[in-house]
Amino acid sequence: MKSFLVAVLALSCAFLYAEATEVKACPSTKSMVPISENTIDISNCVKGPCKLKRKTNVSINQKFTPTEDIKSLTTTVFAQVLSLPLPFIGVDGTSACDYIFAEDGETKLGCPLKAGVPVVYKRSFPVLEIYPKMSLTVHWELQGRGSKSVTCFEVPAKIV
């Protein structure tokens, strides 16, 4: 009986971890990897608006498979507030290569990415105390050379 309960608990935890966050494709961006071919997990958020608590870290795990070889990746992240893009300090414009892992999520790969090989992008970022409490849309995009969109999603959020 004890082993049965342990198995049920383990399966329940695995199910909770495996539940992806509902996100939308970026409306003005055509990405190499469509959002329907991504699995995105944002910590403590299954469905928007995601609550981003100030003075905490939020983690993002994004699984995708590039359709062509990619030499380098840059992270483009901003909050869309009243039609104005406000960059996430310390994340926007940084290299995404240091945050690319193999499909197992443990083996660090970095760049370049190979066509047809699944990868996991794992990133965490601070929600700074200076951010005002407000509702916004988070735009998260990984770009290759020449600002070519590899993958892009948006999710409603609220800084609390």
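**Disulfides, strands and backbone angles**

Colleague: How far apart are the sulfur atoms of C26 and C152?
Modeller: A disulfide is a pair of cysteine sulfur atoms within 2.5 Å. C26 and C152 form one. Their sulfur atoms are separated by 1.9 Å.

Colleague: What kind of model is this, and which atoms do side-chain values use?
Modeller: This is a predicted model, numbered from 1 along each chain as its sequence is written, where local features need pLDDT of at least 70, side-chain atom pairs count only at pLDDT 80 or more, and totals for chains, interfaces and linings use all residues. Hydrogens and water are left out, and side-chain values use heavy atoms.

Colleague: Is the disulfide of C26 and C152 left-handed or right-handed?
Modeller: Look at the torsion about its S-S bond. That torsion is about -85 degrees, so the disulfide is left-handed.

Colleague: Where does C152 lie, and how many residues separate C26 from C152?
Modeller: Strands are DSSP runs of E, at least two residues long, numbered from the N terminus. C26 is in the loop between β1 (24-25) and β2, and C152 is in strand β10 (residues 149-159). The pair links distant parts of the chain, with a separation of 126 residues.

Colleague: How are the bonded cysteines paired in sequence order?
Modeller: The structure holds three disulfides. C45 and C50 form one of them, with sulfur atoms 2.0 Å apart. C97 and C111 form another, also with sulfur atoms 2.0 Å apart. Numbered in sequence order, the pairing is 1-6, 2-3, 4-5.

Colleague: Why is C111 called partly exposed?
Modeller: Buried means under 20% relative accessible area, exposed over 50%, and partly exposed in between (1.4 Å probe, protein chains only). C97 has 13%, so C97 is buried. C111 is partly exposed because its relative accessible area is 24%.

Colleague: What is the omega of the peptide bond between C111 and P112?
Modeller: Most peptide bonds are trans. The bond that joins C111 and P112 is cis. P112 is in the loop between β7 and β8. The omega of the C111 to P112 bond is about 5 degrees.

Colleague: Which loop holds P49?
Modeller: The peptide bond from G48 to P49 is cis, with omega near 5 degrees. P49 lies in the loop between β2 and β3 (50-52).

Colleague: What is the phi of K55, and what is its relative accessible area?
Modeller: Most residues other than glycine have a negative phi. K55 is not a glycine, yet its phi is positive, near 65 degrees. K55 sits in the loop between β3 and β4 (56-64). K55 is exposed because its relative accessible area is 63%.

Colleague: Which residue of β8 stands opposite A102?
Modeller: β7 and β8 (residues 119-127) pair in the antiparallel sense over three bridges. Opposite A102 stands V119.

Colleague: Which residues does M134 contact, leaving aside its neighbours within four places in sequence?
Modeller: M134 is in strand β9 (residues 134-143). M134 is partly exposed, with a relative accessible area of 25%. Contact means heavy atoms within 4.5 Å. Its partners are V81, A157, K158 and I159.

Conventions:
Two strands pair if DSSP finds at least two bridges between them. Helices (H or I, at least four residues) and strands (E, at least two) are DSSP runs, numbered from the N terminus.
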